[in-house]
Amino acid sequence: MIGVDDLRVSFGATTALDGVSVTVATGEWVALIGPNGAGKTTMLRAIAGLTHSAGGIVLAGQPGRQLSHRRRARLIAYVPQHPQLPPEMTGLDYVLLGRTPHLGYFAVESQSDRRICLDLLDRMALTDMAGRRIATMSGGEAQRLVLARALAQQAPILVLDEPTSSLDLGRRVDALELIDELRGERSLTVLSAIHDLTLAGQFADRLVLLRHGKVAADGKPTDVLRDNLLSETFGAGIGVLRTAGGELAVISHRQRPASPA
Amino acid sequence: MRSSPARVPNDRVGDRADQAIGGSQAGRRRSGAGRAGRAGPGGRAGPAGRAPAPLGPARAVIAATAILAIALLAGVSIGPVSVPLGIIADTLAAHLPWHPAVSVPPIDAAIIWQIRLPRVLLGALVGSMLAGGGAAYQGVFRNPLADPYLLGVAAGAGLGATAVIISGGSLNLLPVAAFGGGVAAVALTYSLGARAGRHGEDAAPRGAAGTASILLAGIAVAALLTAAQTYLQQAHTQTLQSVYAWILGGLSSATWSQAWLIVPYVLISGSTLLAHRRLLDVLRVGETEASALGLNVPRLRLIVVIAATLGVAAAVSVSGLIGFVGIIVPHLARLTAGASYRIIVPVSMIGGAAFLVLADIAARTVQPDTEVPIGVITAAIGAPFFLFVLRSRRARADTS
């Protein structure tokens with residue numbers, strides 16, 4: 001569970017988050033949506049303790065501000081939009097980094113840590129990647145590897161910043177399905193920023209729309225994905241279509257009609 | 001000698017360095033994986049997906065240790081008077097508590113025990129600290145160009161030593177002043193840089209605030225102290241030669257007492273750096289992610305800098321400013337043993353010891369009558385090697 005109450009972040013004179021209150025229930029998947037600069041990344045970083053902030057943060061029932069780096073990393077696994085992937089590191093060594101919060105300061109990984117990470121590689125269909133260098137992996141493989149590292153932390157909360165931004169549409173759906181399956185298997189609480197509004201509506205239980213560092217809307221996809229609300233927030237003509245199967249598709253309208261060919 | 005080329009601002013301070021997956025990067029990686037392996041320029045083609053066969057941790061440590069053993073033996077044996085290995089063995093045996101009855105010519109015994117052995121051992125200690133410190137700095141600042149003098153230890157030590165020499169103080173004070181100057185310079189750099197980082201980089205992640213500021217503060221402090229040192233040096237030209245000789249560095253005045261003097265620092269610094277080598281690997285994913293993985297990045301950085309500084313300042317205090325060891329040897333370790341700091345740190349320490357002992361052999365044998373400054377030898381080997389590293393780095397675009 002994540003509880004955020006009146007969260008504020010400012011960088012010098014710029015206010016990035018201006019009193020955001022959001023609760024994510026245990027096992028729930030909430031997607032943060034909103035235009036560039038609305039504060040999505042800042043909010044995720046503040047929750048992960050990676051930037052200075054004011055306001056209340058509760059992680060799995062514990063006051064987030066009083067946690068040491070290590071304790072926090074056992075509660076919350078954070079994946080940035082562009083993870084740094086040391087090209088010469090092998091897949092297994094990379095996933096083993098996820099065990100850091102469980103290791104003593106001077107300790108090295110035990111056999112059980114290796115077991116956990118090898119099992120995760122299997123789960124992610126990356127069995128063959130254990131001994132491979134990251135430099136040789138595809139975008140989709142690297143994405144799953146990063147997810148495996150986050151899961152190796154065995155934290156109940158997963159915070160993902162644009163987890164699919166580097167993938168093609170097919171791999172995006174694969175990745176989000178995988179996150180959803182893992183959420184079910186491990187009762188994970190997931191908070192993620194997702195740019196693609198259609199995908200956000202398909203996968204998240206709830207959407208939180210941020211605008212200028214404030215919550216502009218918070219609710220079920222059908223409540224948040226509305227033409228006028230999105231058009232106003234994103235400053236562009238945006239339409240929401242309902243498919244025959246009942247899914248919502250978000251499209252943008254051109255500002256000028258397409259010129260005839 | 002003084003200004004090493006490593007004082008280049010960190011080119012990947014930010015966390016959005018060139019390794020992010022995303023955008024065109026991922027596309028490039030994918031197409032790269034599509035071809036068989038990564039046949040980089042420079043003949044680094046290998047079987048699909050295999051690293052260019054590093055030695056592996058155990059073999060790398062064994063190989064480096066073997067080279068060190070040979071270097072130590074050669075260092076004792078080679079010189080104006082060459083000493084056969086049998087006599088070396090007998091001399092060493094004669095210093096064992098219950099030694100067998102051996103007879104060694106007294107002159108050979110004196111050369112070995114009082115001149116060569118302290119010099120060789122001191123060189124090994126100094127080399128291991130310089131290379132170990134360089135490896136640690138490269139890891140903790142995530143900068144392949146970092147060397148142990150990055151934060152001003154050399155400039156501070158130089159100023160301290162110069163002050164003692166021009167004031168005509170006892171030469172026994174020289175190591176103390178050099179050590180104190182080096183440690184004080186790094187403390188100044190760190191406090192200025194960390195404070196500037198706190199004020200100036202709100203937007204930076206909490207762990208990352210400071211790295212760039214610390215490196216920049218190091219450049220400024222080094223420049224300031226070097227200016228002061230140069231001024232003092234030029235204002236007292238009568239001592240120019242001894243100041244200059246100290247700055248060039250060397251092991252020619254090595255004694256047992258100097259070796260014993262730095263042993264405690266070597267032990268503390270070496271064991272601390274070795275104990276942190278896994279955490280340096282965690283830092284390879286960047287300060288933000290390392291922080292998210294539960295690492296207290298500012299604390300790790302402080303501990304590593306303190307440990308490296310103690311070792312490097314101790315080394316500099318007895319040997320002067322020997323350049324290039326601290327940057328070449330970690331890169332050699334990286335190229336031969338692999339990119340993990342778990343291997344780079346120990347191999348750098350052992351390899352640095354061997355490298356400096358070998359360089360010292362060259363320094364005292366290249367010219368028949370006089371010694372070549374050891375810094376000339378390390379740089380003469382180091383500069384071409386440095387260019388080679390840069391070339392291969394560009395080819396593979398990786399030392400992380």
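**Strands of chain A and a helix of chain B**

User: What stands opposite Val30(A) in S8(A)?

Analyst: Leu191(A) in S8(A) stands opposite Val30(A). This is a predicted model: local features need pLDDT of at least 70, side-chain atom pairs count only at pLDDT 80 or more, and totals for chains, interfaces and linings use all residues. Residues are numbered from 1 along each chain as its sequence is written, while chains are lettered from A and ligands numbered from 1 in the order written.

User: In which sense do S3(A) and S8(A) pair?

Analyst: S3(A) and S8(A), residues 189–193, pair in the parallel sense over four bridges. Strands pair if DSSP finds at least two bridges between them. Strands (E, at least two residues) and helices (H or I, at least four) are DSSP runs, numbered from the N terminus.

User: And how many bridges join S3(A) to S9(A)?

Analyst: Four, again in the parallel sense. There, Ile33(A) stands opposite Leu209(A) in S9(A).

User: Is S3(A) enclosed or open?

Analyst: Largely enclosed by the rest of the structure, because five of the five residues of S3(A), 29–33, are buried. Buried means 20 or more other C-beta atoms within 10 Å of the residue's own; exposed means 12 or fewer, and partly exposed is in between, with C-beta atoms placed from the backbone.

User: Which residues point which way from S3(A)?

Analyst: Trp29(A), Ala31(A) and Ile33(A) point one way, and Val30(A) and Leu32(A) the other. In a regular strand the side chains alternate between the two faces of the sheet.

User: What is the strand order of the sheet?

Analyst: S6-S7-S8-S3-S9-S10 in chain A, an open sheet of six strands with mixed pairing. S6(A), 76–79, and S10(A) stand at the edges with a single partner strand each, so one side of each has no neighbour in the sheet. The twist averages 15° from one strand to the next. For that, axes are lines fitted to C-alpha atoms (for helices, over the stretch in contact), and angles run from 0 to 180 degrees between N-to-C directions.

User: Where is His212(A)?

Analyst: In the loop between S9(A), 206–211, and S10(A), 214–219. The phi of His212(A) is near 50°, a positive value in a residue other than glycine. Most residues other than glycine have a negative phi.

User: Why does His212(A) count as partly exposed?

Analyst: Because His212(A) has 15 C-beta neighbours inside 10 Å.

User: New topic, chain B. What about Arg142(B)?

Analyst: Arg142(B) also has a positive phi, about 50°, and is not a glycine. Its place is in the loop between H4 and H5 (153–166) of chain B. Arg142(B) counts as buried because 26 C-beta neighbours lie inside 10 Å.

User: Which residues of H2(B) are buried?

Analyst: Ala60(B), Ala64(B), Leu68(B), Ala71(B), Leu72(B), Gly75(B) and Val76(B). They are on the same side of H2(B), because they cover an arc of only 125° around the axis. That arc is of the directions from the helix axis to the C-beta atoms.

User: And which are exposed on the other side?

Analyst: Ala58(B), Arg59(B), Ala66(B) and Ala69(B).

User: What do the buried residues of H2(B) pack against?

Analyst: Helices H3 (85–94), H4 (106–140), H13 (325–337) and H14 (341–365) of chain B. Contact means C-beta atoms, placed from the backbone, within 7 Å.

Note on methods: Contact = placed C-beta atoms within 7 Å.
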